[in-house]
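Please look over the chain shown here before reading on.

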Amino acid sequence: MRNVMEQNDKYSFWKGVLEVKRKDQTSVRMEIMSALHITTMQAYRNRRAGKVVPTIDEKAAIDRIFFTYGVDNPWGGKE
């Protein structure tokens, strides 16, 4: 079972979501959900907020997805 905890900006990719163009945000969300095998919006929100610590492979997949949309460092919370 994955480690679920309080929101942690270190594991949050909110920063990346906010840097992606508005028109691409749905595509990014769908790609992340597919790559991480997430089926519910609540699970996605928990990941986005940093409540679930990503594995090394999950972090690499998230980095790769954001990089294709022009975001070099997606990690961090809302500021």
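The sections that follow describe a predicted model.

## Overall fold

The chain contains 4 helices and 0 strands, and its pattern along the sequence reads α-α-α-α. Of its 79 residues, 38% count as buried. The accessible surface comes to about 5,200 Å², and carbon and sulfur atoms account for 50% of that area.

Contacts were also sorted by distance along the sequence. Among those with a separation of 6 or more, 76% are between residues 24 or more positions apart.

## Helix H4

Helix H4 covers residues 56-68, which is 13 residues. Just after H4, Gly70 adopts a positive phi of about 85 degrees.

The buried residues in H4 are Glu58, Ala61, Ile62, Ile65 and Phe66. They lie on the same side of H4, because they cover an arc of only 125 degrees around the axis. The cover over these buried residues includes H1, helix H2 (25-35) and helix H3 (41-48).

On the face turned away from the buried side, H4 carries the exposed residues Ile56, Asp57, Arg64, Phe67 and Thr68. Asp57 has a relative accessibility of 64% and therefore counts as exposed, the cut-off being over 50%. Between Asp57 and Ala35 the C-alpha to C-alpha distance is 9.8 Å, with 22 residues separating the two in sequence.

## Salt bridges

The count of salt bridges comes to 3. In one of them, Arg47 pairs with Glu58, and the closest N and O atoms are 3.0 Å apart. This pair links distant parts of the chain, with Arg47 in helix H3 and Glu58 in helix H4, 11 residues apart. Both Arg47 and Glu58 are buried.

Another salt bridge joins Lys59 and Asp63, again with closest N and O atoms 3.0 Å apart. Both residues lie in helix H4, 4 residues apart, or about one turn of the helix. Lys59 is partly exposed at 36% relative accessibility, and Asp63 is partly exposed with a relative accessible area of 24%. Lys23 and Asp24 also form a salt bridge, where the closest N and O atoms are 3.8 Å apart. Here Lys23 counts as exposed at 66% relative accessibility, whereas Asp24 is buried at 17%. The value for Asp24 falls under the 20% limit, which means that it is classed as buried.

## Ser12

Where in the chain is Ser12 found? Ser12 sits in the segment before helix H1, which spans residues 14-19. Its relative accessible area is 0%, so Ser12 is classed as buried.

The side chain of Ser12 reaches the backbone oxygen of Arg48 at a distance of 2.6 Å. With neighbours within four places in sequence left aside, Ser12 is in contact with Arg47, Arg48, Ala49 and Gly50, and also with Pro74, Trp75, Gly76 and Gly77. One of these contacts, Arg47, is also the residue that forms a salt bridge with Glu58.

Notes. Residues numbered from 1 in each chain as written. Predicted model: local features only at pLDDT ≥ 70, side-chain atom pairs only at ≥ 80, totals over all residues. Heavy atoms only, no water. Helix = DSSP H or I, 4+ residues; strand = E, 2+ residues; numbered from the N terminus. Buried < 20%, exposed > 50% of the residue type's maximum accessible area, 1.4 Å probe, protein only. Polar contact = N/O pair within 3.5 Å; in protein donor to acceptor, adjacent residues only side chain to side chain. Contact = heavy atoms within 4.5 Å. Areas by Shrake-Rupley, 256 points an atom, 1.4 Å probe, with all protein chains shown as cover. Expected span 1.5 Å × (residues − 1). Arc of directions from axis to C-beta. Salt bridge = Lys/Arg side-chain N within 4 Å of Asp/Glu carboxyl O.
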